[in-house]
Amino acid sequence: MKGAGRAAWVLLAPALLLIGFFFLLPVAAAAILSFTDFDIYAVGDPANTRWIGLANYATLLGQPVFWRALANTCYFALVGGPLSVLVALGAALMVNARVVRYKSLFRTIYFAPFVTTLVAVALVWRYLYHPQYGLLNYVLGAIGLGPIDWLGDPRWAMPAIIGLAVWKNFGYSMLILIAGLQSIPQELYEAAELDGAGGWTRFRYVTLPLLRPALVFVGVITTIGYLQLFAEPYVMTQGGPLRSTTSLVLLMYEEAFRWWRIGYGSAIAFVLFVIVLVATLLQLRLQRGESA
Amino acid sequence: MSPRASAGLGLLALCAVLVGCGRPAPPKAETIQFWALGREGEAVEPLVREFERQHPGIRVRLQQIPFSAAHEKLLTAYMGDAVPDVAQLGNTWVAELTVLDALERLDSHVASSSSVDSADYFPGIWQTNLIHDGLYGIPWYVDTRVIFYRTDLLARAGFPAMPATWPDWVAAMRSLKQLAGGHRYPIFLPTNEWAQPVIFGMQAGSPILKDGDRYGAFADSAFRRGFEFYVGLFRDGFAPPLGANDIGNVYQEFARGTFAMWITGPWNIGQMRAQLPPEVQEQWGTAPLPGPDGDSSRVSFAGGSSLVLFRRSRHAAAAWQLIEFLSRPDQQVRFYELTGDLPARRSAWTRSGLATDRYARAFWEQLQRVRPLPKVPEWELIATRVLEYAELSIRGRTPPDAALGRLDREVDRSLAKRRWVLGRVP
C-alpha cells in the first residue's frame, strides 16, 4: 500500500509541481501583495513597501468607482449570461430540429463568431455601432427610430457591449447544448407523442429536464466568463462613457498595470475571486436542490 | 575533392590567416540599443544610419515600439533588467523613471558638450526634464496646444484676427453661434482630452499641484476659474459635448464648418494640409491661445518627447554621442522634414524658416510661453481623474465646485504615498 502511495505521488509530482509553481505560488504572492501598498515607488526601492493589512480592501469598498464596476459587472453577467444561454438554446433547438436542412452549415455559421479574434470583431462592431454612419442606426432609421449613440451614451454602452458578447459567445454554448439534445433518447419523445403531448409540452417535460446538466454547465461557464469581462470594453469604450462600461477586471488592469498600484490591483483580483466562487457555488447548489 | 585541390585550399586558408594576422584587427564595433516610439521610431531610421556612417565604431540597434505599449514595456524592461541604452520618452514619463532611479543624470554631459546648448531650447520645454535640480533628458521634439480656426468663419463673425483675451474670445464665439445656429458650433473641445481644462487652469494661474506637488490645487480659486470657464463653454452651447471619436471624420466636419475653432496639437498642421478639400485650404489658420489676464497668461503646456540615457547602460559614452547627434540643429531640421514634429531647438526653427511659417508660427509664439506639467509619477493618473470630473460637470451631473472638491480629495489620496516617500528621504 505504502509503495502504491509513493508511486502515485511520483506520478502526480510533475503536474503538482507545475500547478504549484505557476498557479498556487502566484496566487499566494498576489494574496500577500494585496495586504501591502506595493507600487511604482516600491519597484524603485523595495523599502518603499508598507504592510498595510486590510487598508486596500477598505479603500476599495469606499470607492464609488469600485461599486460602479461591480454593478456594471453584475449587470453584464446577469443580463448577458442568461441572454447568451437563451440564444444558444434557441439556436441549438433550431439547428437540431428535424425539419431544418443544411444543419452543419448553420452550426458552422453560428459557431464562427466564437473562433474569431475578439479585438478584430470589436473594431468591426464599433463601425456597426457608429452613431452617424453605423449600420445599426441606418436600419433603425429605416423603420423610423431615432439614432442611438450606442457607445457614447452611458445608458446604451453596456447593452451594446452585451450585444457583441452574446453574438461572440453563444456558439460555444450552442454546441454543448446540441450535444445534450442529441443524447436525449428518441423513444421518450415518441412515447410522449403517443400520450398526446404537443410541441411545447414535449419541450417542457422531456427536453428541459434532460438538458438540465448541460444547461447548468453552460450557465456556470458563461457566468464565470462574463464576470471576467475585460476585452470588450477595453477595445470598444475604454470603460467609458462616464465609467458605464468599466468592469472589475478592467478596473484591476488599470490600477495594477496602468498606474502600477499592484497591491491595490491584487486586492481587486481577490474580491473578484470571492465573487466568482460564490456565484459558482450558488449555481451548483441550485442544480442540486432542484434535482433532489 | 582531389588531394591536390584540398592542399591548394589549405594553402589559401593559411595565407588568409597570415594576412589577417599581419594587419591590426579592425576595432570591434560597439553596439547601442535605441528605443524609439511610434511614428518617430520609423522616421528616425535614416538619421540613425547617418550617425553610424559618421561614427564607424558604433552600431545602433533601433527598436520601434508602439506608443500605446511603450509605458508598460519600459517598466517591465526595467524590472527584467533589459533596458536599452538610449530611449525616446514622453516628457511626462521622465518623473516616473527617475523615481525608479533608472535614468542617468545628464548635467555633466551637457556641461562638457560642445553641441547641446541649453540656451538654444525653449525654456519651458527644457524645464520638463529638470527634476529636483537634476537634468534627466534632452528635449527631442516639442508639442503643445494652439487654436486651429476657420479664418473665413471668424471674419464673417466680425473677427478678422483671432482674439487674444478670454472676453474677446467669448464675444467671438457668441457671434459665431448666432451666425451658425443648428448643429454648428463655435469651438470643438474634445471631451476625451484632459489638455483643455488643465490649460485653462494654468492660464488662470493654477500651479495644478501645490506644496511641492504633495496636494492637488484643483479646488483653489485659480484652477476653479479656469474650470468654470471651460465648463461654461459647453453650458452656453459654444462647444458640443463630444469626444474626438464621437464626431466621425474631424477634418470633414471642420471643412463643413461644423465647428470653427479647435484646440489641438502640431500634428494637425500636416493632417489639415492632407485632409482638407482644396476649397478650404486657404480658409484656415493657427493662433496662440487667448488668455484671461494679458499676454503673460496666454500659456499652454510643455509636451513632446525627450531622449534619455539609462543608468544601466554600459555604453554611456557612445549612447551620449547618439543623443548629441540627434540634437544637432541640422538633424533636428531633417527630423522635422521627415515627421512634421516640431524641433526642440530654436536655431532649428530659424534655420528652416519654421519660425515664420504660416501655420507653424503660432506654435513658435506659443512655445515661448509653455509651462511643464506636474513632474510626478502620478501625473497620468491625475490627468485621467481631471478628465472624469470634467466630463461629469460638462454633462451637468456634478456642479463644478463639488466636482473640484471631489477631484482634490481623490488626487490627495493618490499622492499619499508620494508624501510618505518624500517624508522618509532626509
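This dialogue walks through a predicted model, taking its overall layout, its sheets, its helices and its contacts in turn.

Q: How many helices and strands does chain B have, and what box do its C-alpha atoms fill?

A: Chain B has 21 helices and 16 strands, and its C-alpha atoms, taken along the principal axes, fill a box of roughly 100 × 60 × 40 Å. Of its 426 residues, 43% count as buried. Among the contacts in chain B between residues at least 6 apart in sequence, 74% join residues at least 24 apart.

Q: Which domains does the domain assignment give for chain B?

A: The assignment gives domain 1 as 30-143 + 302-356 and domain 2 as 146-301 + 375-424. The C-alpha centres of domain 1 and domain 2 of chain B lie 29 Å apart, and 10 residues of domain 1 are in contact with 11 residues of domain 2. On the side of domain 1 that touches domain 2, helix H5 (residues 94-99) of chain B gives the most, with 3 residues, and by class that side has 5 nonpolar, 3 polar and 2 charged residues.

Q: In what order do the strands of the sheet of 6 strands in chain B stand, and which strands are at its edges?

A: Strands of a sheet pair through backbone hydrogen bonds, and the pairing can be either parallel or antiparallel. In chain B, 6 strands form an open sheet with mixed pairing, in the order S2-S1-S3-S14-S6-S15. Strand S2 (58-65) and strand S15 (342-343) of chain B stand at the edges with a single partner strand each, so one side of each is left without a neighbour in the sheet.

Q: Which strands pair with S14(B), and in what sense?

A: Strand S3 (residues 86-90) of chain B is joined to S14(B) by 5 bridges, and the two run antiparallel; within this pairing B:Leu89 stands opposite B:Ser306, while B:Gly90 stands opposite B:Ser305. Strand S6 (residues 138-143) of chain B also pairs with S14(B) in the antiparallel sense, over 5 bridges, and here the bridge partner of B:Pro139 is B:Ser306.

Q: What covers the buried residues of helix H10 of chain B?

A: Helix H10 (residues 195-203) of chain B is mostly covered, with 9 of its 9 residues buried. The cover includes helix H11 (221-235), strand S11 (259-264), strand S13 (300-301), strand S16 (370-371) and helix H19 (379-394) of chain B. After H10(B) comes B:Gly205, whose phi is positive, near 100 degrees.

Q: At what angle do helices H9 and H10 of chain A cross, and which residues meet there?

A: An α-helix has 3.6 residues a turn, so residues three or four places apart point the same way. The axes of helix H9 (residues 186-194) and helix H10 (residues 199-227) of chain A come within 10 Å and cross at roughly 140 degrees, in a right-handed crossing. A:Leu188, A:Tyr189 and A:Ala192 in H9(A) meet A:Arg202, A:Tyr205 and A:Val206 in H10(A), and by class this contact has 5 nonpolar, no polar and 1 charged residues.

Q: How many residues does the contact take from chain A and from chain B?

A: The contact takes 15 residues from chain A and 14 residues from chain B. Helix H2 (residues 40-44) of chain A gives the most to the side of chain A that touches chain B, with 4 residues, and the residues of that side divide into 9 nonpolar, 4 polar and 2 charged.

Terms used. Residues are numbered from 1 along each chain as its sequence is written. Chains are lettered from A and ligands numbered from 1 in the order in which they are written. This is a predicted model: local features need pLDDT of at least 70, side-chain atom pairs count only at pLDDT 80 or more; totals for chains, interfaces and linings use all residues. Two strands pair if DSSP finds at least two bridges between them. Two residues are in contact if their C-beta atoms, placed from the backbone, lie within 7 Å. Ala, Val, Leu, Ile, Met, Phe, Trp, Tyr, Cys and Pro count as nonpolar, Asp, Glu, Lys and Arg as charged, and the others, Gly among them, as polar. A residue is buried if 20 or more other C-beta atoms lie within 10 Å of its own, exposed if 12 or fewer, and partly exposed in between; C-beta atoms are placed from the backbone. Domain bounds come from an automatic or database domain assignment. Axes are lines fitted to C-alpha atoms, for helices over the stretch in contact, and angles run from 0 to 180 degrees between N-to-C directions. A crossing is left-handed if the near helix is turned anticlockwise from the far one by less than a right angle, and right-handed if clockwise.
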